Amino acid sequence: MTTAETMDRRGLGGLVVLFAAALVALSGCATMRRHEAASTEQLLTAAGFQMRPANSPELLRDLTTMPPLKLVSRSKDGNAVYTFADPDNCHCLYVGGSKEYSEYQRLRVEREIAAEMNEASLDWAAWGPWWW
């Protein structure tokens, strides 16, 4: 085998490793995105948002034109309507009004506070019991 062939094989091996690393990183991002979407959907449901499946071709088309996984405010007949489109997981749309949006915000803040308190309690645990 010539030196040029050895260099080509090493270059190809490096590309394969780089490609595999990129796939692993992208799949991790997709997993996190699905988890965040599921978490948001749980809060939306608890807040009273209605889940509407895209069970027809025209509804599916409408769903794919909306910003995915973002809570969007629109005005309909002078009232605020909030929508959350999930074209990847449930192929559905969550819809709610001002009352549901306020409840969603309250639940979201409550969840964030609970997560911060849990994190803080873990930090103190490293110090051991208070009587030491």
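1. The largest share of the lining of the largest pocket, three residues, comes from β2. A pocket here is, on a 1 Å grid over the protein atoms alone, an open set of points where a 1.4 Å probe fits, with protein on both sides within 12 Å along at least five of seven lines, and lining residues have an atom within 4 Å of a point. Strands are DSSP runs of E with at least two residues, helices are runs of H or I with at least four, and both are numbered from the N terminus.

2. On provenance, this is a predicted model, in which local features need pLDDT of at least 70 and side-chain atom pairs count only at pLDDT 80 or more, while totals for chains, interfaces and linings use all residues. Residues are numbered from 1 along each chain as its sequence is written, and side-chain values use heavy atoms, with hydrogens and water left out.

3. The chain contains three helices and four strands, and from the N terminus on its elements follow the order α-β-α-β-β-β-α. Of its 132 residues, 19% are buried, where buried means under 20% relative accessible area, exposed over 50% and partly exposed in between, with a 1.4 Å probe and protein chains only. Among contacts between residues at least 6 apart in sequence, 53% join residues at least 24 apart, a contact being heavy atoms within 4.5 Å.

4. Returning to the pocket, its volume is about 150 Å³, taken as the space filled by probe spheres set on grid points that are joined across faces, edges and corners. The lining consists of R52, M66, R74, S75, K76, V81, T83, L93 and V95, and β2 (71-76), β3 (79-86) and β4 (92-96) each contribute at least two of its residues. By class, the lining holds four nonpolar, two polar and three charged residues; Ala, Val, Leu, Ile, Met, Phe, Trp, Tyr, Cys and Pro count as nonpolar, Asp, Glu, Lys and Arg as charged, and the others, Gly among them, as polar.

5. A search of the whole structure finds one disulfide, defined as a pair of cysteine sulfur atoms within 2.5 Å. C90 and C92 form this link, with their sulfur atoms 1.8 Å apart, and the torsion of -65° about the S-S bond makes it left-handed. C90 counts as partly exposed because its relative accessibility is 29%, whereas C92 is buried because its relative accessible area is 0%.

6. Two residues other than glycine have a positive phi and deserve a look at the backbone: D77, with phi near 55°, and H91, with phi near 50°. D77 sits in the loop between β2 and β3 and is exposed, because its relative accessibility is 74%. H91 is found in the loop between β3 and β4 and counts as partly exposed, because its relative accessibility is 37%.
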